[in-house]
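Here's a quick tour of some side-chain packing in this protein. Have a look at the structure first, then read on.

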Amino acid sequence: MAKPWAISFYNSKAWQDLRWARILQENFRCQDCGEDYTLNPAELIGHHMVTLTPGNIQDKNVAMNPRLIKIVCKKCHDKEHHRFGQRTAQNVFLVYGPPLSGKKTLVNQLAERGDIIVDIDLLWQAVSLCGLHDKPDTLKRNVFAMRDMLIGQVRTRTGHWDSAYIIGGYARKIEREQLAAKLGASLLFVGGEQEALKARAGALGIHGPEWCGYIDKWFRDYQE
């Protein structure tokens, strides 16, 4: 289950920069299994070799020491923590922010094996078998129906998951606050500069202009 006292740390720019520096040092490979994640670096997690606690998370010699941070994929991270434990309270997090800001990266860092993750991009990929950033418009109604069904199951606490993460843009304040209230969810914001995110979109090849449009629309609609 996500630890509330650790969320702001994992969402900080200092941690994100350090994690990225370590990924570059390891050439986008998991240090345990050796798999190459160049095309999907969001799957790589910065694993603290000294377990973080409320008492040491502010200690930079522990929490921000690159020598104590191992880069592993999510599968290996779950094995390292033996995440097959007892069921706890079902917590819900609504993770929102502009496209390509790193929402999935944050969730990968926080989530544990058996948590439920509702990500519209991954649902699109699952039903189309297209690339992660390729969204055939013909499937929009199907994908949104699947998302709404899963959100309904989170609302009714259907299943035996520990934590649930709902990932989306949710630029409009009233929309995200109403959904958070309905789900009993905590809000987690993952931000980014508009032009920097559009530069990131430019690396998506033929899908870049489409994602630049998504980014511009999010910033037009955003309400704090």
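## Around histidine 48

Leaving out residues up to four places away in sequence, histidine 48 touches Phe9, Tyr10, Trp15, Val62, Ala63, Leu68 and Ile69 (contact means heavy atoms within 4.5 Å). Keep in mind that this is a predicted model, where local features need pLDDT of at least 70 and side-chain atom pairs count only at pLDDT 80 or more, while totals for chains, interfaces and linings use all residues. Residues are numbered from 1 along each chain as its sequence is written, and side-chain values use heavy atoms, with hydrogens and water left out.

Histidine 48 sits in strand β1 (residues 44-48); strands (E, at least two residues) and helices (H or I, at least four) are DSSP runs, numbered from the N terminus. Histidine 48 has a relative accessible area of 6%, so it counts as buried (buried is under 20%, exposed over 50%, partly exposed in between, with a 1.4 Å probe and protein chains only). A polar atom of its side chain lies 2.8 Å from the backbone oxygen of alanine 63.

## Ring pairs

Rings of Phe, Tyr and Trp (its six-membered ring) pair if their centres lie within 6.5 Å; planes under 30 degrees apart are stacked, over 60 edge-to-face, and the rest tilted. That rule gives 12 aromatic pairs.

Tryptophan 211 and tyrosine 214 both lie in helix α10 (residues 208-221), three residues apart, or about one turn. Tryptophan 211 is buried at 3%, whereas tyrosine 214 is partly exposed at 31%. Lysine 135 also lies over the face of tyrosine 214, 5.2 Å from the ring centre (a charge sits over a ring if NZ of Lys or CZ of Arg is within 6 Å of the centre and within 35 degrees of the ring normal). Elsewhere, ring pairs link Tyr96, Phe189, Trp218, Phe219 and Tyr222 into a cluster.

## Helix α7

Which residues of α7 are buried? They're Val143, Leu150, Ile151 and Val154. Seen down the helix axis, these buried residues fall within an arc of 100°, so they line one face of α7 (the arc uses directions from the axis to the C-beta atoms). Their cover includes β3 (91-96), β4 (116-119), α6 (120-128), β5 (163-168) and α8 (173-183). Just after α7, arginine 157 takes a positive phi of about 55°.

Definitions and conventions
Polar contact = N/O pair within 3.5 Å; in protein donor to acceptor, adjacent residues only side chain to side chain.
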